[in-house]
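Trainee: I am new to this structure and would like to learn how to read its features. Please show me one at a time.

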Amino acid sequence: MNQHTTGRAGATWALVITSVAGFMAALDNLVVTTALPSIRRSLGGEMEELEWTVNAYTLTFAVLLMFGAALGDRFGRRRLFLAGLTVFTAASAAAALSPGINELIAFRAVQGVGAAIMMPLTLTLLTAAVEPARRGTALGIFSAVTGLAVAGGPLIGGSLTEHISWQWIFWLNVPIGLLLLPLARFRLAESYAPDARLDIPGTLLVSGGLFGVVYGLVNANSDGWTSSTVLTSLIAGTVLIGGFIRHGFRAKRPMLPMRLFRDRGFFGINVSSMLMYLGMFGSIFLLSQYLQGVLGYSPTEAGLRMLPWTGMPMLVAPIAGMLSDRFGGRPVVVTGLALQAAGLGLFAMAIAPDASYASQLPGLITGGIGMALYFAPAAGLVMSSVRPGEQGIASGANNALREVGGALGVAVLATVFSSQGGIGSARAFTDGTVPAVWIGSGVVALAALAALMIPGRRGTGTPETATETVPAPVPAEERVSVPA
C-alpha cells in the first residue's frame, strides 16, 4: 500500500464523513418549519414560542460558529468535531423526548451549539484531507449533499410528520450520529492550526455581538423594529462587533485577523456570501408560504414543487466544482449569482393568486442552477484565500456571516411583505410577496457585483498568500493511520 493510495482513501473517508455531518446540520435548520402545526397540537405554545423552536437553533448556531472553529484550531479539529457531533446527536434525542414546548426550545438551542462546533470543522477537515488539484471537485460533492438537505428538508419534515410523528424529525439524527462517531474517530486524521491560541477578548466580543444582532433580527417581526428590545439588541450587538473589528486590527494574536479582509478574494467572497444568503433565505421563507397559503399546496407538495430550485445543487454542484478547478472560482460564482438573481426576478413576475406551476418553472430552474453554481466554488474560494493555519477560523467567519445574512433576509423581506400586503387574503399575500422577492433578487445581484472583487484564477488550490504550508506537529497519541 503506497502513500498515494492511503491519501486517496483518507480523502474519500473525509468527504463521506463531513458531507453526512453537513447534511444533518443543514437539514435540521429546515425540517422543523413543516412540523410546527403538529408540534403545537402536541406540546401547546403560542406562535412566538413555536418560532423560537426554529430561532433557538439559528441563534446559538450563528453565535458560536467562530468560537467552535477556534476551539478546533487550538485543541484538535477531529477532537472538537467529535465533541460537536456528540452534543448534536444527544440534543436531537432529547428534543424528540421533550415533554413541553419550553424543553424543546432549550434542546434546540443545545443542538445549535453542537452544530456550531461541528460545521466549520467539516470544511477544514475536508480541505486538509484533499489535495489542492481535486479540492474543487470534493467541495462540489460536499455542496451537493448539503443541497440535498435544502431540497429534502420540507419533504422529509412533512413526510415524517404526516406519516409517523413530529418526533421523528429529531430521532432521524440519532442513528446517523451514532454511525458517524466511530467512523470519524478512526478514519479522520487529527490536525491543528499552527501555534493556535484562544483569544478570550475576541471570543467574548464576537459572541456577544452576534448574539445581539441575531437576537434582534429574529424578534424584529414579532416585536417591531422600533421596540426597545430589538433596538437595544441591534445597537449593542453592532457596538460589540465594532469592538471585535477594532480588536482584530490591534491585538497581537486575534481570533480573526482583520488583515484577512485586505485580501480581495476573502473580502469579496464573504460580502457576496452574506448578500446571497440575505436574498435567498428571505425569498425561500416567503415563497414556501406562498405555495402553501395562496396556491393551497400541502407542505410535502410545496417541497416537491420547489425541487427544481432547491434540488438543483444535487445535479449541478459537482460540475461547478470541476469548472472551478479548471477555470477558477470567480467566473463560476459570478455566473451563479447572476442566474440566481434572474431566477428570483422571473419568479416575482410569475407570482399571482392563481399562478400555474408552468409559469413558475423558469424562475425555479434558473435560480436553482445559479444557486448550485455558487455553492462549491464559494467554499473553495474561502479556503484558498487564507493560509492553511487560518482556514478553520475563515470557515467559521464565513458561516457566521452567512447565518447573519439569512436571519437579516428573513427579517427584512418579511417586513417588506407586511408593509405591502399581509396574510388576510390571496391578493394581499401576493401584493406583499412580489416586492419582497424583487428586493431579494436585487440583493443577490449586488452579491454578483461583490464577487467581481475576487481576483481571477484563484480556483480552489493553494493561493499565492498561502506561505504557511507545514501543518502543526501532531502528538504521537493523536496520529491516525488511515487504511486504504
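Mentor: Start with burial: a residue is called buried under 20% relative accessible area, exposed over 50%, and partly exposed in between, using a 1.4 Å probe and protein chains only. Gly409 has 0% relative accessibility and therefore counts as buried. The model is a predicted one, where local features need pLDDT of at least 70 and side-chain atom pairs count only at pLDDT 80 or more, while totals for chains, interfaces and linings use all residues. Residues are numbered from 1 along each chain as its sequence is written, and side-chain values use heavy atoms, with hydrogens and water left out.

Trainee: How many helices and strands are there in the protein chain?

Mentor: Helices (H or I, at least four residues) and strands (E, at least two) are DSSP runs, numbered from the N terminus. The protein chain has 18 helices and 0 strands. Of its 484 residues, 58% count as buried.

Trainee: Where is Gly409 found, and which residues is Gly409 in contact with?

Mentor: Contact means heavy atoms within 4.5 Å. Gly409 is found in helix H17, residues 391-420. With neighbours within four places in sequence left aside, Gly409 is in contact with Leu278, Gly282 and Ala414. Gly409 and Ile439 are 30 residues apart in sequence, and 9.9 Å separates their C-alpha atoms.

Trainee: What share of contacts in the protein chain joins residues at least 24 apart?

Mentor: Among contacts between residues at least 6 apart in sequence, the share is 84%. Ala25 lies in helix H1, residues 3-28, and is buried because its relative accessibility is 2%. Apart from neighbours within four places in sequence, Ala25 is in contact with Tyr57, Phe88, Ala115, Met118 and Met119. Ala25 and Met119 are 94 residues apart in sequence, yet 7.3 Å apart in space, C-alpha to C-alpha.

Trainee: Is Trp166, in the loop between helix H6 and helix H7, buried or exposed?

Mentor: Trp166 is buried, because its relative accessible area is 4%. The loop that holds Trp166 runs between helix H6 (132-163) and helix H7 (168-171). Not counting residues up to four places away in sequence, Trp166 touches Ala35, Ser38, Ile39, Ser42, Leu43, Ala95, Leu104 and Thr161.

Trainee: Which side chain is joined to that of Ser92 by a polar contact?

Mentor: A polar contact is a pair of N or O atoms within 3.5 Å; within protein, one must be able to donate a hydrogen and the other to accept it, and residues adjacent in sequence count only if both atoms are side-chain atoms. The side chain of Ser92 is joined to that of Gln111 by a polar contact of 2.8 Å. Ser92 lies in helix H4, residues 77-96, and is buried, with a relative accessible area of 0%. Beyond neighbours within four places in sequence, Ser92 is in contact with Gln111, Phe170, Asn173 and Val174. In helix H8, the buried residues include Asn173 and Val174.

Trainee: What span does helix H8 reach?

Mentor: The expected span of a helix is 1.5 Å times one less than its number of residues. Helix H8, residues 173-187, has 15 residues and reaches 20 Å from its first C-alpha to its last, close to the 21 Å expected.

Trainee: Which residue forms a salt bridge with Asp431?

Mentor: Side chains of opposite charge can pair when their charged atoms come close. A salt bridge is a side-chain nitrogen of Lys or Arg within 4 Å of a carboxyl oxygen of Asp or Glu. The count by this rule is 1 salt bridge. Arg427 forms a salt bridge with Asp431, with 4.0 Å between the closest N and O atoms. Both residues lie in helix H18 (residues 426-451), 4 residues apart, about one turn of the helix. Asp431 is partly exposed, because its relative accessible area is 36%.
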